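Me: Hi! Could you help me look over the charged side chains in this one?
Reply: Happy to, go ahead and share it.

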Amino acid sequence: MKLHSLLLINLVICLGVGVLLVGVHCTESSSPPFACDSSDPLTKSYAFCNTTLRISQRASDLISRLTLDEKISQLISSAASIPRLGIPAYEWWSEALHGIRDRHGIRFNGTIRSATSFPQVILTAASFDAHLWYRIGQAIGIETRAMYNAGQAMGMTFWAPNINIFRDPRWGRGQETPGEDPVVAGKYAVSYVRGLQGDTFEGGKVDVLQASACCKHFTAYDLDNWTSIDRYTFDARVTMQDLADTYQPPFRSCIEEGRASGLMCAYNLVNGVPNCADFNLLSKTARGQWGFDGYIVSDCDAVSLVHDVQGYAKSPEDAVAIVLTAGMDVACGGYLQKHAKSAVSQKKLTESEIDRALLNLVTVRMRLGLFNGNPRKLPFGNIGPDQVCSTEHQTLALEAARSGIVLLKNSDRLLPLSKGETLSLAVIGPNANATDTLLGNYAGPPCKFISPLQGLQSYVNNTMYHAGCNDVACSSASIENAVDVAKQADYVVLVMGLDQTQEREKYDRLDLVLPGKQEQLITSVAKAAKKPVVLVLLCGGPVDISFAKGSSNIGSILWAGYPGEAGGAAIAETIFGDHNPGGRLPVTWYPKDFIKIPMTDMRMRPEPQSGYPGRTHRFYTGKKVFEFGDGLSYSPYSYEFLSVTPNKLYLNQPSTTDVVENSGYVSVSELGTEFCEVKKFSAIIAVRNGGEMAGKHPVLLFVKQAKAGNGSPMKQLVGFQNVFLDAGESTNVEFILSPCEHLSRANKDGLMVMEQGIHLLVVGDKEYPIAIVA
């Protein structure tokens with residue numbers, strides 16, 4: 001029988017994923033799509049199906065069998081099937097920012113109808129708990145593989161995490177990020193990626209992927225739509241100094257330590273060059289310097305912008321050629337498929353460049369096991385629907401929400417409220433009975449919802465509720481009715497803040513205050529209440545609540561971000577003392593006047609001559625509503641430096657002595673890797689819980705120069721760890737520090753340098769000096 005006839009006989013339709021395939025690869029709606037079915041005699045002749053060969057050999061064999069049209073069909077996010085080779089269609093675009101999202105490559109239309117919805121990333125970051133971040137990534141990775149095994153996923157590449165720096169408080173997508181600090185963002189990236197991809201917490205090069213993570217958006221992307229400027233045309237003017245020590249480090253960590261298999265280039269231009277067209281960024285830096293060996297995808301329709309909007313390329317064919325030769329591999333959207341063939345025919349793009357991109361793409365699909373035969377007989381094949389929304393994962397979602405909640409004010413120890421003595425409770429505010437708001441953006445259908453109102457009702461039977469506002473925008477407020485409700489209760493909890501109508505993708509804020517009449521509602525209710533009220537804020541970006549911070553009528557303030565499916569329970573447990581809060585702010589909360597600073601100004605460092613105050617806790621010199629790292633507890637914690645060895649560091653390298661003596665600093669690269677490794681030192685800190693409640697507590701270690709200058713940060717985070725201490729318990733925490741990494745700064749050329757002088761290790765109110773001498 002001819003091959004063509006045999007293929008026709010074997011044509012089947014996989015109803016579960018809605019694609020036309022060849023070979024008996026999908027026999028029922030719940031079967032996952034895969035290639036190289038061992039029961040198909042045709043596949044035995046294909047080297048790309050031979051799992052005893054190296055993946056590079058297999059991928060090269062597959063590419064060699066493709067026609068130019070077939071090759072081009074694989075360069076877009078919705079890659080076509082190749083029926084004659086038994087290769088199913090593949091969807092590169094799936095989302096799993098803080099749980100699986102129900103779009104693109106994912107469908108909740110089968111056995112699995114929901115997935116665990118963890119807190120939005122900004123709140124998870126507030127836990128400063130890297131192992132928690134890893135466990136969340138691990139849980140999401142398990143649930144994504146379960147979706148695939150159930151035939152409800154057309155791909156296993158997930159475009160998360162978002163590790164851009166939350167540079168400006170108005171950014172609508174800041175909620176998706178781990179905050180403003182590059183160390184936190186980098187550590188989050190490493191932890192999440194290792195968890196999702198099936199690596200260990202400590203890390204190691206993983207050949208077989210549970211799922212594929214993609215760090216985004218590379219690079220200096222943190223403006224969506226502000227006044228008349230949008231992300232599609234914005235040219236971010238960034239100094240080499242700021243790139244080196246702020247914008248790039250999270251991506252470097254993601255690649256070098258996390259071993260992410262995906263990287264997304266951003267819409268915007270940086271210093272005149274579109275990110276997806278930047279050879280220095282994609283090939284020289286990511287692949288060359290950092291060793292990235294995965295696939296690079298454009299943000300959606302970003303390739304079309306290179307010609308159609310940004311005018312960087314002279315024609316669509318030029319745009320396609322530029323991005324592929326820059327190192328990009330696959331485009332979200334159909335622009336490459338539309339123009340790549342004509343780019344080849346016009347000799348602007350070589351077929352070998354397409355082959356280069358395909359090698360990266362096919363390699364990732366093979367590492368996912370999608371060319372190894374029936375995935376149910378392979379690693380991760382036993383992950384079933386029972387592992388989605390499992391008790392373990394839902395408990396983890398609650399733990400994550402608890403760990404992130406930040407207590408910002410607690411006058412006269414108003415909190416925790418007494419469970420026995422609180423006989424009546426008024427719960428007021430437009431977010432009080434919120435459900436969808438708890439999730440933030442990029443969320444899918446959760447396993448369940450627990451609103452703040454429901455959580456509080458579980459503690460107090462006599463709970464009264466009033467929304468106070470027509471919605472979060474609060475253009476209309478029923479203040480008198482809300483006040484009447486408040487007067488009847490022993491205690492009042494106000495649940496206010498923002499939602500996705502106020503901050504989201506494609507929508508940056510224009511101010512930093514609570515929307516509409518929210519402030520008026522809060523102050524009126526607080527004035528009428530019998531006792532000082534509790535204010536709970538749901539929001540991703542910071543809000544200027546100076547009025548509440550200074551009001552004696554507002555006793556306690558909790559920031560709960562967007563706390564996920566179990567957020568209402570976590571808020572209630574915190575208010576009534578079943579959880580001792582330990583979260584710390586991962587961003588600076590600026591005053592409302594900060595909006596005078598253009599959002600387009602990318603400079604991190606202040607400029608005293610012009611009055612520019614700088615950005616983030618590392619450089620910002622202006623007034624703050626709350627600081628990065630702020631966060632109270634029901635227990636007081638104290639610290640002592642027990643040991644720092646050594647406390648003096650000599651830069652007495654023969655090759656650098658003259659340089660140090662003449663300039664006062666030396667390049668880290670000149671010191672060399674051996675010097676940097678040998679000079680690592682230990683700092684041991686004693687931590688004590690001096691309260692009456694057990695609690696989880698993040699220990700944040702900073703460093704600052706006694707005499708900062710030359711663009712040095714005022715203070716920078718160098719490490720963090722979590723401890724759990726019973727009442728009165730103490731423990732020791734050890735940090736291993738590298739002077740080349742933790743005591744260096746970026747100079748104006750973007751080179752890391754170490755300076756002579758006194759550096760201070762800082763934890764809480766304790767400082768320890770370290771001298772760097774020539």
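Me: Which residues does D199 touch, leaving out those up to four places away in sequence?
Reply: In this predicted model, D199 is in contact with Y134, R194, G204 and V206.

Me: And where is D199 found?
Reply: You'll see D199 in the loop between α6 (182-197) and β6 (212-218).

Me: Is D199 buried or exposed, and what is the nearest side chain of opposite charge?
Reply: D199 is buried, and R194 is the nearest side chain of opposite charge, 4.5 Å away.

Me: OK, switching to the whole structure. How many salt bridges does a search find?
Reply: The search gives 33 salt bridges.

Me: Nice. What does E351 pair with?
Reply: E351 forms a salt bridge with K71, and their closest N and O atoms are 2.8 Å apart. That pair links distant parts of the chain, with E351 in helix α13 (residues 351-367) and K71 in helix α3 (residues 68-73), 280 residues apart.

Me: What about E95, which side chain does it meet in a salt bridge?
Reply: E95 meets K216, at 3.3 Å from N to O. E95 lies in the loop between β4 (90-91) and α4 (121-125), and K216 lies in strand β6, 121 residues apart. Both E95 and K216 are buried.

Notes:
Residues numbered from 1 in each chain as written. Predicted model: local features only at pLDDT ≥ 70, side-chain atom pairs only at ≥ 80, totals over all residues. Heavy atoms only, no water. Helix = DSSP H or I, 4+ residues; strand = E, 2+ residues; numbered from the N terminus. Buried < 20%, exposed > 50% of the residue type's maximum accessible area, 1.4 Å probe, protein only. Lys, Arg positive; Asp, Glu negative; His and termini not counted. Salt bridge = Lys/Arg side-chain N within 4 Å of Asp/Glu carboxyl O. Contact = heavy atoms within 4.5 Å.
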